[in-house]
Amino acid sequence: MYDFYFDDWDISDEEIEELIEKLEKTKDRTEFILKHVKETREDDVLLWFFVNWVFNRDNFVRMGKLILWLNKNFGNRKLPSEQTVKIAKKVLSTIIPEDSISRCRRKIQNEEGKYLPPQPVRVGRRYMKDLWRRASKRF
């Protein structure tokens with residue numbers, strides 16, 4: 001079923017199907033993607049996309065269809081109806097939030113030391129963390 005999407009992964013189609021059903025926790029799903037899609041180790045938006053695409057495909061596609069429908073019917077000038085807002089909330093509630101996936105990535109990388117991003121990204125993150133810490137002490 002998924003062989004088209006996972007051609008270059010070193011994992012069989014059967015293993016993928018089994019893992020999709022087995023991995024229920026966001027942390028486990030995030031770790032799976034970090035392991036197999038190296039580009040996600042330095043990009044939380046890409047990580048969010050692949051976690052939802054692999055483990056939440058039907059709802060993710062439904063969200064895309066909702067976005068296209070909203071754009072077609074409401075464009076930039078009209079406000080959606082109350083019913084449309086309810087539908088949007090329902091669809092969005094099925095998507096794993098980016099901040100949850102990002103928290104899992106930080107735990108996996110920073111606390112467990114697994115699937116680290118390239119060195120320049122780590123140096124940049126460390127610099128920003130130190131900068132933020134110094135700035136917060138001033139206020």
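Q: What covers the buried residues of H2?

A: The cover includes H1, H3 and H6. Here, "buried" means under 20% relative accessible area, "exposed" over 50%, and "partly exposed" in between (1.4 Å probe, protein chains only). This is a predicted model: local features need pLDDT of at least 70, side-chain atom pairs count only at pLDDT 80 or more, and totals for chains, interfaces and linings use all residues. Residues are numbered from 1 along each chain as its sequence is written, and side-chain values use heavy atoms, leaving out hydrogens and water.

Q: Which residues of H2 are buried?

A: Arg29, Thr30, Glu31, Phe32, Ile33, Leu34 and His36 of H2 are buried. Across the protein chain, 33% of the 139 residues count as buried.

Q: How many helices and strands does the protein chain have?

A: Helices (H or I, at least four residues) and strands (E, at least two) are DSSP runs, numbered from the N terminus. The protein chain has seven helices and zero strands. Its pattern along the sequence reads α-α-α-α-α-α-α.

Q: How do I read a nonpolar core, and which residues touch the most other members here?

A: In soluble globular proteins, nonpolar side chains tend to be buried together. A nonpolar core is a set of buried Ala, Val, Leu, Ile, Met, Phe, Trp, Tyr and Cys residues joined through side-chain atoms within 4.5 Å. The largest one here has 24 residues, and Phe32, Ile33, Val51 and Phe55 touch the most other members. Two or more residues come from each of H1 (13-22), H2 (26-36), H3 (44-55), H4 (57-74), H5 (82-92) and H6 (98-111). H3 gives the most, with six residues.

Q: What is Phe55 in contact with?

A: Contact means heavy atoms within 4.5 Å. Leave aside neighbours within four places in sequence, and Phe55 is in contact with Leu19, Ile20, Leu23, Arg29, Phe32 and Ile33. For the protein chain, take contacts with a separation of 6 or more: 57% of them join residues 24 or more positions apart.

Q: How do I read a helix pair, and at what angle do H2 and H6 cross?

A: Two packed helices are described by the angle between their axes and the distance between the axes. Axes are lines fitted to C-alpha atoms, for helices over the stretch in contact, with angles from 0 to 180 degrees between N-to-C directions. The axes of H2 and H6 come within 9 Å and cross at roughly 70 degrees. H2 and H6 are therefore roughly perpendicular, a label for angles of 65 to 115 degrees (under 35 is roughly parallel, over 145 roughly antiparallel, the rest oblique).

Q: Which residues make the contact of H2 with H6?

A: H2 supplies Thr26, Lys27, Thr30, Glu31 and Leu34, while H6 supplies Ser100, Ile101, Cys104, Arg105, Lys107, Ile108 and Gln109. They divide into four nonpolar, four polar and four charged. Ala, Val, Leu, Ile, Met, Phe, Trp, Tyr, Cys and Pro count as nonpolar, Asp, Glu, Lys and Arg as charged, and the others, Gly among them, as polar.

Q: At what angle do H3 and H6 cross?

A: Their axes come within 9 Å and cross at roughly 105 degrees. That makes H3 roughly perpendicular to H6. Asp44, Val45, Leu47, Trp48, Val51 and Asn52 of H3 meet Glu98, Ile101, Ser102 and Arg105 of H6. The division is five nonpolar, two polar and three charged.

Q: Where does Thr40 lie, and is Thr40 buried or exposed?

A: Thr40 lies in the loop between H2 and H3. Thr40 is buried, with a relative accessible area of 0%. Beyond neighbours within four places in sequence, Thr40 is in contact with Ile33, Leu34, Leu46, Leu47 and Phe50.

Q: Where is Asp43 found?

A: Asp43 is found in the loop between H2 and H3. Asp43 is partly exposed, at 33% relative accessible area.
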